[in-house]
Amino acid sequence: MKKIFMTSQKIGEIATIFPKATDIFMAYEIDFCCGGDRPLATALKEQNINASEILKKLHDAYEKYEALQNKEIDWTKATLSELIDYIVGKHHTFMRDELPTTGQLLNKILKVHYVDHGETLSKLHKLFNQLKSEIEEHLIKEEELLFPLIKEYEKNPSKDVLEKVFKIMKETEDEHDNAGDVLKEMRRITCQYQAPSGGCNSFVRTYEKLQAIEADLFQHIHLENNILFQRLDQEKS
């Protein structure tokens, strides 16, 4: 069922119902943290933002979110191209949407909470930016090299193309391992993403987004390592 958002709702209430609304609020510089107890209409009036425009973006984003809650698909029976298209459409798109906004939030809480939590947040900032850089390159490698080769092999199987696939597969598997190590360290230094007492809404939201990135990346890696790559390994025989 489509979720209906109204300008009479409090900004914080909308963000609680639909966490990705915070991305839209950030784009319009609407304060959902300290100003989260205000009705959305108040912020829109103060900043001269068109209400219909914001509501449309909220509703469109929510519908997109609902559409991604796909029914379970047996990817062991789908074509390799179908699985690849799903990984790109869901997981690559997710990362390209979430990494920049999460980075902005992390920069914000680093600045606001540096005095009290600077040591942890500084380490987290470095680890996140390492992860972000590696993931961004990883997505490009998959889209420009690995996935086109796999699709080419599926259409016209050849030993030469398969050897090229395996070479890049090994590189991407190593990158998966590296990303997993960084995620484990991020989780460790944040005490399982538990925001400290006194942490503002932005602090809590940043940790939620980092957990979402972790969960999505693990699912992404599962689909590749345990299904896509395993199916290609079977082609060796």
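Cys191 sits in the loop between α7 and α8. Gln192 has its place in that loop too. Both residues have positive phi, near 55 degrees for Cys191 and near 65 degrees for Gln192. The model is predicted. The chain holds 8 helices and 0 strands.

- Cys191 is not a glycine, yet its phi is positive.
- The relative accessible area of Cys191 is 54%, over the 50% cut-off, so Cys191 is exposed.
- Gln192 is likewise a residue other than glycine with a positive phi.
- Gln192 has 43% relative accessibility and therefore counts as partly exposed.

**Overall architecture**

- Read from the N terminus, the elements run α-α-α-α-α-α-α-α.
- Along the principal axes, the C-alpha atoms fill a box of roughly 65 × 40 × 25 Å.
- The chain has 237 residues, and 43% of them count as buried.
- Take the contacts between residues at least 6 apart in sequence: 75% of these join residues at least 24 apart.

**Helix α7 against helix α8**

- Helix α7 covers residues 159–189, and helix α8 covers residues 201–233.
- Their axes come within 11 Å and cross at roughly 155 degrees.
- An angle over 145 degrees counts as roughly antiparallel, so α7 and α8 are roughly antiparallel to each other.
- The crossing of α7 past α8 is left-handed.
- On the α7 side, the contact residues include Leu162, Val165, Phe166, Met169 and His176.
- On the α8 side, they include Leu210, Leu217, Phe218, Ile221 and Phe229.

**Helix α8 along its length**

- Helix α8 has 33 residues.
- From its first C-alpha to its last, α8 reaches 46 Å, close to the expected 48 Å.
- A kink of about 30 degrees in α8 is centred on Glu224.

- Helix α5 (residues 80–112) has 33 residues.
- At 1.5 Å a residue, α5 should span 48 Å; its end C-alpha atoms are 46 Å apart, so the two values agree.
- The axes of α5 and α8 come within 9 Å and cross at roughly 155 degrees.
- This angle makes α5 roughly antiparallel to α8.
- α5 and α8 cross in a left-handed sense.
- α5 packs on α6 at an angle of about 160 degrees, and the two axes are 10 Å apart.
- α5 and α6 are therefore roughly antiparallel as well.
- The crossing of α5 past α6 is left-handed.

- Helix α6 (residues 114–155) has 42 residues.
- A straight helix of 42 residues would span 62 Å, but α6 spans only 54 Å between its end C-alpha atoms.
- A kink of about 50 degrees in α6 is centred on Thr120.

**Residues in the helices**

- Asp23 lies in helix α2, which covers residues 21–27.
- The relative accessible area of Asp23 is 14%, so Asp23 is buried.
- Asp23 is in contact with Glu98, Thr101 and Lys209, leaving aside neighbours within four places in sequence.
- Lys141 has its place in helix α6.
- Lys141 is buried because its relative accessible area is 16%, under the 20% cut-off.
- Not counting residues up to four places away in sequence, Lys141 touches Leu146, Ile168, Glu171, Thr172 and Glu175.
- Asp177 lies in helix α7.
- Asp177 has 47% relative accessibility and so counts as partly exposed.
- From Asp177 to Leu106 there are 71 residues in sequence and 24 Å in space, C-alpha to C-alpha.

Definitions and conventions:
Residues numbered from 1 in each chain as written. Predicted model: local features only at pLDDT ≥ 70, side-chain atom pairs only at ≥ 80, totals over all residues. Heavy atoms only, no water. Helix = DSSP H or I, 4+ residues; strand = E, 2+ residues; numbered from the N terminus. Expected span 1.5 Å × (residues − 1). Bend = angle between axes of the 7 residues up to and from the residue. Buried < 20%, exposed > 50% of the residue type's maximum accessible area, 1.4 Å probe, protein only. Contact = heavy atoms within 4.5 Å. Axes fitted to C-alpha atoms, helices over the stretch in contact; angles between N-to-C directions. Parallel < 35°, antiparallel > 145°, perpendicular 65-115°, else oblique. Left-handed = near helix turned anticlockwise from the far one by under 90°.
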